[in-house]
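My notes follow, as numbered points to read alongside the model.

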Amino acid sequence: MNGENFTLSEKLVSPSYVRQASQARRSHELLIRQLLEQGKCPEEGWSESTIELFLNELAVMDSNNFLGNCGVGEREGRVASSLVARRHYRLIHGIGRSGDIAAVQPKAAGSSLLNKLTNSVVLDILKLSGVRSVASCFVVPMATGMSLTLCFLTLRHRRPQARFIIWPRIDQKSCFKAMITAGFEPVVVENVLEGDELRTDLEAVERKIEELGAENILCVHSTTSCFAPRVPDRLEELATVCAKYNIPHIVNNAYGVQSSKCMHLIQQGARVGRIDAFVQSLDKNFMVPVGGAIIAGFDESFIQEISKMYPGRASASPSLDVLITLLTLGASGYKKLLSERKEIYSYLAQELKSLASAHGEKLLHTPHNPISLAMSLDGLQAESDKAVTQLGSMLFTRQVSGARVIPLGKEQTISGHTFRGFMSHSEAYPCPYLNAASAVGITREDVTQCIRRLDKCLKTLRKECNAARSSSPLPQSCQEDSTGE
């Protein structure tokens, strides 16, 4: 209620009670005012009542919620199900207009304000997470792969004769398909093995640029967050090469916001060379439902150019989800999650190393990967080829999700390109291995349960395979074939 209504309420209820209620209301409004004034993530998280009050205030600013509104157009924010309306807090119009996803809608002042505030709060979080010189960003209602495609399509208008995208190999289908979907030809650059780590072959990248001609290359498409033993690309060096040859540089930072190391690489790359845009997932970094990403960069005009490339209006759901989440956590809450993730990474590494040693394996030495770890499966491979792939299936059926078992020699063809040694980021990685990751939101209990079940699975497999070594066929547990993806 406004001040006048509070005054009128004093005729019906004790004025002292009404004044107390008015002060309580003002405490909510003060938080909302600070958000509107500063456009930054609040340091301390909001209560659900403050967030719901704020969202309801935004919703009544949209025309579909006007009392007495008479809509005679084809898009009036009509919703048949009240359950659907409540799920979206009656913010029905989405974001953007037909020509620009960032534009303000005349019918939807509240939804437009939501969009602007979300982009501003997310920009603040990107700076807080380590990319302090980022100039602009926007939330797009597409996951990382399609968001990368949008970046490539925008670059097409700047470099119309370019056909190729130089891509240091990362065995993840969506980032490869993003280039194909945009109509470009990926030039796969194999990684080099340094110790246990797979790292960017900088000399091969530069050779490809000189061979193909810089004017024929749309961009270099690099990666930060990845599965060990692949480690983040050498972003500073790649950014320097891109600046040298005047080639755009797009970074796939899918789940890198949660890693200070990944964000530092982006910041340093932009400082010493060229990074045009970096793309990150909402669900992986902020624990919201799948369906959104953040496209960010250091040149505000280029980021605006990308946002204008998006055709039509867009769903507000990803923006709403991430805004609610960040208002709930506050900057301090999000920093706490990042700190806890880093601590549990060390715990996971310690536990995997102990388990590996107990089974005659080793924790692969991948110090440049701050999120993912890998444990060799050489001993299991020696027992049986089938036992390696069966391990993934056993873990999955025992409710260990996310662990990836990588066998030797797997081939996969994607859009006509055959990857040998697929999932290992290399044509011939020296050993099979198992991946595990410490991502934001993980708990010590997750690690404890995973290690316990992994230990039991390895013991079971070895026991069964040893018993069957002199007989054929192998036991059922050594015959099945699954990587447990």
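1. Let me begin with a detail: in which loop is Met-423 found? Met-423 sits in the loop between strand 13 (417-420) and strand 14. Its phi is near 85°, a positive value in a residue other than glycine. With 1% relative accessibility, Met-423 counts as buried (buried means under 20% relative accessible area, exposed over 50%, partly exposed in between, with a 1.4 Å probe and protein chains only).

2. A word on the basis of these notes. This is a predicted model, so local features need pLDDT of at least 70 and side-chain atom pairs count only at pLDDT 80 or more, while totals for chains, interfaces and linings use all residues. Residues are numbered from 1 along each chain as its sequence is written, and side-chain values use heavy atoms, with hydrogens and water left out.

3. For the overall picture, the chain has 17 helices and 14 strands (DSSP runs numbered from the N terminus: helices are H or I with at least four residues, strands E with at least two). The C-alpha trace spans about 90 × 55 × 40 Å along its principal axes. Of the 485 residues, 54% count as buried.

4. Strand 6 (residues 217-223) deserves a look, as seven of its seven residues are buried. It pairs in the parallel sense with strand 2 (residues 164-168) over three bridges (two strands pair if DSSP finds at least two bridges between them). Cys-219 of strand 6 is the bridge partner of Ile-165. Strand 6 also runs parallel to strand 7 (residues 249-252), joined by four bridges, and here Ser-222 stands opposite Val-251. Between strand 6 and strand 7 the chain passes through helix 9 (residues 235-245) in a right-handed β-α-β crossover (with the strands pointing away from the viewer, the path from the first strand over the helix to the second runs clockwise).

5. Two further backbone features are worth checking. Most residues other than glycine have a negative phi, and most peptide bonds are trans. A cis peptide bond joins Ala-228 and Pro-229, with omega about 10°; Pro-229 is in the loop between strand 6 and helix 9. Met-287, in the loop between helix 11 and strand 9 (293-297), has a positive phi of about 55°. At 44% relative accessibility, Met-287 counts as partly exposed.

6. The largest pocket holds about 990 Å³ of space. Here a pocket is an open set of points on a 1 Å grid over the protein atoms alone, where a 1.4 Å probe fits, with protein on both sides within 12 Å along at least five of seven lines; lining residues have an atom within 4 Å of a point. Grid points are joined across faces, edges and corners, and a volume is the space filled by probe spheres set on the points. Among its 44 lining residues, Phe-227, Ser-401, Gly-402, Ala-437 and Ala-439 are the closest to the centre. Helix 16 gives the most to this lining, with five residues. At least three lining residues come from each of domain 2 (109-330) and domain 3 (334-469), with bounds from an automatic or database domain assignment.

7. Finally, the second largest pocket has a volume of about 280 Å³. Its lining has 15 residues, with Ala-102, Lys-116, Asn-119, Ser-136 and Cys-137 nearest the centre. Helix 12 provides the largest share of this lining, five residues.
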